[in-house]
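Dear colleague,

Please find below the structure I promised to hand over, followed by notes on what was found in it.

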Amino acid sequence: MTDATTTTPYGAQTETDRRSTDEPFEGVYPAMTTPFTEDDEVDHEQLADNARYLERAGVDGVVPVGSTGESATMTHDEHVDVIETVRDALDDIPVIAGTGSNNTAEALSLSRRAADAGADGLLLISPYYNKPEPQGFLNHYRTIADEVDLPQIVYNVPSRTGQSIPVDVTVELAEHPNIQGYKAASGDLNLISEVIERTRDEAFSVLSGDDGLTLPVLSIGGTGTISVVGNVEPERSCAMVGAALSGDYDRARALHHELSPLVRELFAETNPIPVKEAMHIRGRGGPLVRSPLSRLSEERRAVLRELLAEYDEAAPGTVDPAAVDPETVGPAAGDGE
């Protein structure tokens, strides 16, 4: 949604600059965290600073009040206030607001309010707990798409919702002019590949929703990522995605492996617990999360500090995974972003 080339710390390499396309959503969209004060209020000053930092780093858009933004524990008024703060902080890049719910009427209300608050697009998690039938999925998404004239992304994350959106449903939804994207966080590359294959004739983008699978998803026709690691290492994330979209898979693979130790650590405990700690270490807000989540364990904090020091001190492309404790806990598969 932006023609700007990616800002990277790798120097000018015009032969690998990403070529713009006509895809509705392309590139790196960090799933923003919501910083809180000691009084458990939204820290709007820090939120605005984080948004400006990401824009300067070259991301293609931001996604506030999604899973990573702890939307599940925020009031509707807080949702809207966060969207307004982020929109006001930015100059040129789009704001894709999380407005999903398992209640169609609630999702529609939030989506309308997000549009009024200046959102440029919507991210809509599939209805959780209810476990709708295919027609229920179709009715839910079409109701919102018919009533709110913004580009919308369908979000499939069965580890959080308890049910995967059927491919046939996604293909039907892609025919709606306002439904222009799909956030793929199922961990199932066969399913993601089929979605890409069957929506190629539509103005429809498939974005990775699992940082560890971003490069594989791009390799089969995905157009970008809604990313957790992009909050912490936006330049490296943009460089990896930009290289892949330009067809430079040697460079993209090198950057994928460089980011992989951090990606694993950011999902060692439930997202967004580790990423908020990582941002705290980097001086981008407190590590506080809302109950029932709890702060990152002391053991994991030490590992994360050591790992981030490697990224801070090593030249790009030289981060050594062996410098980190090899006994690190692996990611929670399919936790979503």
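Tyrosine 129 sits in the loop between strand 3 and helix 4, where helices (H or I, at least four residues) and strands (E, at least two) are DSSP runs numbered from the N terminus. The phi of tyrosine 129 is near 70°, a positive value in a residue other than glycine. Most residues other than glycine have a negative phi, and most peptide bonds are trans.

Please bear in mind that this is a predicted model, in which local features need pLDDT of at least 70 and side-chain atom pairs count only at pLDDT 80 or more, whereas totals for chains, interfaces and linings use all residues. Residues are numbered from 1 along each chain as its sequence is written, and side-chain values use heavy atoms, with hydrogens and water left out.

Two cis peptide bonds deserve a mention here. One joins asparagine 271 and proline 272, with omega about 15°, and proline 272 lies in the loop between helix 11 (249–266) and helix 12 (273–281). The other joins serine 291 and proline 292, with omega about 20°, and proline 292 is found in the loop between helix 12 and helix 13 (298–313).

The axes of helix 12 and helix 13 come within 10 Å and cross at roughly 55° (axes are lines fitted to C-alpha atoms, for helices over the stretch in contact, and angles run from 0 to 180 degrees between N-to-C directions). Helix 12 and helix 13 are therefore oblique to each other, given that angles under 35 degrees count as roughly parallel, over 145 as roughly antiparallel, 65 to 115 as roughly perpendicular and the rest as oblique. Their crossing is right-handed, a term that applies if the near helix is turned clockwise from the far one by less than a right angle, anticlockwise being left-handed.

Turning to other helix pairs, helix 1 (residues 44–57) and helix 2 have axes that come within 8 Å and cross at roughly 45°, which makes helix 1 oblique to helix 2. Helix 1 passes helix 2 in a right-handed crossing. Helix 3 and helix 4 (residues 134–147) pack at an angle of about 25° with their axes 10 Å apart, so helix 3 is roughly parallel to helix 4, and the crossing of helix 3 and helix 4 is again right-handed.

As for the sheet, 7 strands form an open sheet with parallel pairing, in the order 1-7-6-5-4-3-2 (two strands pair if DSSP finds at least two bridges between them). Strand 1 (27–30) and strand 2 (96–98) stand at the edges with a single partner strand each, so one side of each has no neighbour in the sheet. Neighbouring strands of this sheet are turned by 25° against each other on average, direction ignored. Strand 6 (residues 205–208) and strand 7 (residues 224–227) pair in the parallel sense over 2 bridges, and the bridge partner of leucine 207 in strand 7 is glycine 224.

Finally, the largest pocket has a volume of about 560 Å³. On a 1 Å grid over the protein atoms alone, with a 1.4 Å probe, a pocket is an open set of points with protein on both sides within 12 Å along at least five of seven lines, and lining residues have an atom within 4 Å of a point. The largest pocket is lined by 27 residues, of which Ser67, Glu70, Ser71, Ala72 and Thr73 lie nearest its centre. Helix 2 (76–89), helix 3 (104–116) and strand 3 (121–125) each supply at least two residues of this lining.

With best wishes

Note on methods:
Points joined across faces, edges and corners; volume = space filled by probe spheres on them.
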